[in-house]
Amino acid sequence: MKSKRKIRASILAMALTSSMLLYSPTTAEPISESQMLQNSTELSGQMTAPSTSMPNTASGLNPGYSITPVQNTKPVSPTDKLPNMTATSAVVIEAKTGHIIYQRDAHRKMFPASTTKMMTLITALEYGNLDDIVTVSKNASGTEGSTLWLEVGDKVPLGDLLSGMMMVSGNDAAIAIAEHVDGSVQKFAAHMTQRAKELGATGTHFTNSNGLPDTNHYTTAYDLAILAAHGYSLPHFEEIVSTKEQTFPWVHDPTHLLRNENQMLWLYQGGNGVKTGYTDAAGRCLVSASNRNGVQLIAVVLDSVYMWNDSIALLDYGFSQVENSTIIKSNETVDTLPVLSGRKHSMPVKTTDEIVMPVFKDDAEAYTLDYDVPTFLKAPIKKGDTVGKVHVLCDGKEVAESKIVATADVEQKSFFKMLLNTVRSFF
C-alpha cells in the first residue's frame with residue numbers, strides 16, 4: 001500500500017496548489033495508478049501564457065481569483081455565443097425548469113468518464129440506505145484508476161463511500177457501492193441506465209458505475225445536466241457533492257482527510273457541485289453547478305481543453321441571462337364566474353400561492369399559463385374551496401401550479417324560492 005499512499009499525497013499537493021490560483025486546464029483524474037504518476041505534470045497544470053486577466057468583478061469568480069482568457073482553436077458555429085469555449089459538447093441549464101440557456105452540440109453522444117459517478121450517487125441515494133455498512137470485495141478493491149485506497153474486507157457506511165467517491169473519484173468505491181445496492185456492477189449499471197431514461201436522459205447508456213472506458217458506455221451533455229438537476233431534488237445530494245473536505249476514520253492514511261477535486265467549489269460564487277472526469281477517450285469533463293440568489297444553474301463540458309475556464313464562462317453566461325421573477329401573484333383575481341342555484345349570482349375566483357420562477361432574457365416565450373377553471377360554479381360554496389388550478393409550463397413542461405379558490409361563502413337557494421323564481425320567469 002506504500003505506493004498508493006505516495007500517489008495520494010501527490011494528488012493532494014496538486015489540489016492544494018491549484019486552489020490558490022486559477023489555471024486554465026484541469027487537474028484531471030488519471031486512468032490508472034501507473035499513469036497517475038506518469039501523467040501528473042501533464043494533467044495538472046498546463047498554464048496559459050499570462051497576458052491580460054479578467055478580475056472576479058467581471059465574473060462569478062470568488063474574490064481573490066482571476067482568469068486568463070484562452071483562445072479556442074476548435075471550429076464552432078458563427079452564431080455560437082461563447083466561441084472561445086474549448087469543449088466539444090456543452091450545455092448550461094436552469095435546474096428548476098430544465099430550460100437550456102446555452103448549448104453546443106449538447107445531444108451528441110460522448111464518453112462521460114467519472115461524471116458517471118453522479119448517476120451512481122443518484123441511484124444509490126434512491127435505492128440504498130446511507131446507514132448500511134458496505135463490505136469491500138476483492139473485485140472492488142482491485143479496481144484500476146483513481147482510488148479511495150479501499151482494502152478487501154473494509155467495512156464502510158454507504159453514505160461515507162458516496163461522499164468519498166464524489167470527492168476523490170474513487171473507482172473502487174463506485175464498484176463497492178454497485179455491488180452493495182444491486183449485487184453486481186452489471187445489474188447496477190442496468191439499473192442506472194433504466195433510471196436515467198425514466199428521468200429523460202434518453203441518450204445515455206451505462207455499463208459500469210465508475211466511468212472507465214467502454215464503447216457502450218456513453219451519455220450527452222444535456223443528459224448529464226438533467227440528471228444533475230434531478231439530483232438536487234434528492235435529500236443529501238447537494239450536501240455530498242458540495243463538500244470540500246472531510247475526514248473519515250476508515251481512510252488508509254494518517255491524515256484521514258479527503259479533499260474534493262472539483263475546484264469550482266472554491267473558485268465560483270455559489271459553487272455547489274458536482275463532478276470531474278477524465279480518460280483519454282473522454283477528454284476533460286466537468287459537471288459544475290452554482291446557486292446564486294435562488295437560481296440553480298448546472299453547466300456541463302465534455303472533451304474540454306480548459307474545463308475550468310469553460311465552466312466559468314458557461315455559468316457566467318447563464319447568470320447573465322436569468323433572474324427570478326413573479327409569474328403568478330397570490331390573491332390575484334383570475335375570473336368572475338356565474339353561480340348556479342346560489343344566493344349570489346356570480347363570484348370572483350383567485351389564486352392562492354405566489355409563484356416565483358427564473359425567467360430568461362433569451363426566451364421571453366419560455367413560459368405559458370394554462371388555466372383550468374370551470375365555466376360556472378354551483379352552490380353551496382365555501383370560501384377557500386378549490387375550484388380550479390393554474391398550471392405554469394416552461395418549454396411545454398409543467399413546472400409549478402397554483403390553486404384557484406372561491407372568495408366567499410354562497411348558500412344554496414331553497415327549493416321553494418327556486419320554484420317561485422321559475423314560475424315568475426313565465427310572466
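**Words and their cut-offs**

Student: Why is Ser-341 called partly exposed?
Tutor: Its relative accessible area is 25%. Buried means under 20%, exposed over 50%, and partly exposed in between (1.4 Å probe, protein chains only). So Ser-341 counts as partly exposed.

Student: What kind of model is this?
Tutor: It is a predicted model: local features need pLDDT of at least 70, side-chain atom pairs count only at pLDDT 80 or more, and totals for chains, interfaces and linings use all residues. Residues are numbered from 1 along each chain as its sequence is written, and side-chain values use heavy atoms, leaving out hydrogens and water.

Student: Where is Ser-341 found?
Tutor: In the loop between β13 (333-340) and β14 (346-351). Helices (H or I, at least four residues) and strands (E, at least two) are DSSP runs, numbered from the N terminus.

Student: What makes the phi of Ser-341 worth a look?
Tutor: It is positive, about 60 degrees, although Ser-341 is not a glycine. Most residues other than glycine have a negative phi.

Student: Why does Asn-293 count as exposed?
Tutor: Its relative accessibility is 76%, so it counts as exposed. Asn-293 sits in the loop between β10 (283-292) and β11 (295-304). Its phi is also positive, about 55 degrees.

Student: Why is helix α6 called largely enclosed?
Tutor: Count its residues. In α6 (residues 158-168), 10 of the 11 are buried, so the rest of the structure largely encloses it. Among the buried ones are Leu-158, Met-166 and Val-168. Ser-169 follows α6, with a positive phi near 60 degrees.

Student: What makes a set of residues a nonpolar core?
Tutor: They are buried Ala, Val, Leu, Ile, Met, Phe, Trp, Tyr and Cys residues joined through side-chain atoms within 4.5 Å. The largest such core here has 64 residues, and Phe-237 and Ile-298 have the most contacts inside it. A second, separate core has 51 residues, including Trp-266 and Phe-360.

Student: How do you know that Phe-237 touches Val-274?
Tutor: Contact means heavy atoms within 4.5 Å. Val-274 is on the list of residues that Phe-237 touches, and so is Met-118.

Methods:
Lists of a residue's contacts leave out its neighbours within four places in sequence.
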